[in-house]
Amino acid sequence: MTPLQLLTWARGTGLGWALALCAAGIVLRLAEMLSLGRAADLAPPRARSPGSGWRTVFSRSLPPPGMFRREPVSYIAGYLFHLGLLFILFLSAAHIELFHALWGLAWPALPSPLVDAMALVAIVSLLVLLVQRLTHPVKRFLSGFQDYLTWAVTLLPLLTGYLATHHLLLDYPLMLALHILSVELLLVLLPFTKLFHSVSVFFSRWYNGDAFARKGVAS
Amino acid sequence: MSASLRRGINAFKEVIDAPIASFFSSCVHCGLCAEACLFYTETGDPKYTPIHKLEPLRRVWEQEYTVTGKLKRLLGLSRAVSDEELAEWGPLVYDSCTLCGRCAMVCPVGNDLTTMIRKMREGMSAAGHAPEGLVTATARAIQTGSPAGVKWVTLQAQIRHMQAEFDIEVPVNREGADYLVLMSSWEILNYPEYLGAVGRIFKQAGATWTLADDAYEATNSGIQIGASDLARELVGRIVTAAERLKVKCVVSPECGHAYTAIRWEGPNLMGRPFTFEVKHILEVLDELRRDGRLKLRGTLDVPLTYHDPCQLSRRGGVVEQPRTLLHELAPNFKEMSDAGTMNWCCGGGGGVSANERAHELQLTAFLRKKAQIEELGVKTVVTACANCRVVMEEALEHYHMDVEMLGLTELVAEHLAEDGQS
């Protein structure tokens, strides 16, 4: 198989399968979760608080009082990584072209030097988070195989994407193929690892905000 | 598998619902919950990380309710939860968690870890891994009505004493009263002045109230140990009395978890909404004040602060009421750092103070509160939970700190305007 054939497979069949498995996995995981149900709370709420779950979905993105000072590295690197990843994913010219080809939708891209910088920032943030995971007593204590696996699977698309864009290390078609394959690995693993937090976080934060608000506490 | 372990695992399976599944699904092992937990911050031991305390429950969730977990189990990649493991987790789930809820406020993915631990205790107690102190207290509560074994005759003696001292009437079993007043064993034994305070306040406010001789105890060990059937039995006694006496409102005393037990868990334990309201005494005081039925006079001028009982503020939403009262009564009232819904626990909530095995750890956890009080430099701390008060009085003594604890209801009662004054 030549690099070009690999690229063709990755772009076509491979991507199709990866997206299908990812979607099916998400549906399965959500069904597993939601089918467990939630008993109605019979205690009358302190105040009616419509939208409280959604408020917490957003407000939990900010560090609660006192927390930033205790764990600045987690917050800074965490923000930079997540924001960098989201910006690159949705606002780089190459990705927008892909979305256009897939769904017929397009929007303006960020200038490529900015996307480049964000990729580097996201990569460096991930490295910092790895060092922190290996050295912080709590993080090291909690970490297992999956924490390192998901770290690597998240780094690969960023790294290969950066290398492909700059025609570094390997020929462009091969590096691009590896980039797409690494994204496909990420997609397939997403529903079945802690990467699923990208979906479940909307539920967990919502449940938290809803429960606290019934007691009159903004969480 | 032993019968008790099977009971425990079944209880784990029963408590896992969609929120719990979403919480376990969302955890990314960031460890930030540890930074919110005083058992970690004061010891530096990572085993006290809140999410780690839930590991056996997480595995049951994964193995029972996810396809990947079932696969992992088949391939030998994950072990079943064992009795030895639960025994090892006992101290993590009971000794090093006061159900204070701080971790649930900071988790970036929104995990309500406190509710998870409350639920995990259901399986721990079913499997026979609850600490002895709590088992004994719960058994005593079921048998005698009080976890400390306080009987009605003891309370009767306090009633006579309070009636004589404060010239009040303490009605018992009065039908149709506005308020059914509950006590905690701590108050009956250590702070009977609470009863006198309530009597004086209601007398001034012209409110009708009563005690019930078959339901005077508000605390609920069933909640702390994690035995919903026993918790239901204890709440049920109060519900029966409140409905028999046709009261409008049941008043939870100055006790944090008693409030949680009756106000928030109560209707869910009974499986139906109540026909009466449930309020914490501070809510009642604040309402009387707003209605102009509580007239205060004079102030306590020493610098003082307020310790938020976790179950009252963070887990109960009673945050503003004590502050409104204190601003009126204490011109030198200062807030502690992290006051309100981000307060730090006294170290003895959630059954920890009833668990002798946890005593030393509880004193270590108190170092956080100690630092907060010292930072402020006050010599008087007001609170509204008899358990916080007992725990803190003991710890203050232990650390040779010259700080006095006061109950807010008593403070209010001491500043009631006489008739015609204001």
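1. In helix α1 of chain B, the buried residues are Leu5(B), Gly8(B), Ile9(B), Ala11(B), Phe12(B) and Val15(B). Around the helix axis these residues take up an arc of only 155°, which places them on the same side of α1(B). The model is a predicted one, and the points below should be read with that in mind.

2. What lies over that buried side? On the face turned away from the buried side, α1(B) carries the exposed residues Ala3(B) and Arg6(B).

3. The length of α1(B) can be checked. This helix has 13 residues, 3–15, and at 1.5 Å a residue they should span 18 Å. The end C-alpha atoms are 19 Å apart, which agrees.

4. Strands β5, β6 and β7 return in an open sheet of chain B, where four strands follow the order β6-β5-β7-β8 with parallel pairing. The edges are β6 (333–334) and β8 (404–407) of chain B; each has a single partner strand, so one side of each has no neighbour in the sheet. Between β7 (residues 380–383) and β8 of chain B the pairing is parallel, with four bridges. Within this pair, Thr383(B) has Gly407(B) of β8(B) as its bridge partner. Helix α21 (residues 386–398) of chain B packs on the sheet and touches β7 and β8 of chain B; the directions of α21(B) and β8(B) make an angle of about 170°.

5. Further strand pairs of chain B involve β3 (residues 249–252). Strand β1 (residues 179–181) of chain B runs parallel to β3(B) and is joined to it by three bridges; here Tyr179(B) stands opposite Cys249(B). Strand β4 (residues 277–280) of chain B also pairs with β3(B) in the parallel sense, over four bridges. In that pair, Val251(B) has Lys279(B) of β4(B) as its bridge partner.

6. Chain A has 10 helices and zero strands. Its C-alpha atoms fill a box of roughly 65 × 35 × 35 Å along the principal axes. Of the 219 residues in chain A, 33% are buried. Counting contacts in chain A between residues at least 6 apart in sequence, 73% connect residues at least 24 apart.

7. How many residues of chain A are in contact with chain B? The contact involves 47 residues of chain A and 46 residues of chain B. On the chain A side, at least two residues each come from α1 (3–34), α3 (67–70), α7 (137–142) and α10 (197–214). The most come from α10(A), which gives nine residues. By class, the side of chain A that touches chain B holds 22 nonpolar, 12 polar and 13 charged residues.

Definitions and conventions. Residues numbered from 1 in each chain as written. Chains lettered and ligands numbered in written order. Predicted model: local features only at pLDDT ≥ 70, side-chain atom pairs only at ≥ 80, totals over all residues. Expected span 1.5 Å × (residues − 1). Buried ≥ 20, exposed ≤ 12 C-beta atoms within 10 Å, placed from the backbone. Arc of directions from axis to C-beta. Pairing = 2+ DSSP bridges. Contact = placed C-beta atoms within 7 Å. Axes fitted to C-alpha atoms, helices over the stretch in contact; angles between N-to-C directions. Nonpolar A, V, L, I, M, F, W, Y, C, P; charged D, E, K, R; others polar.
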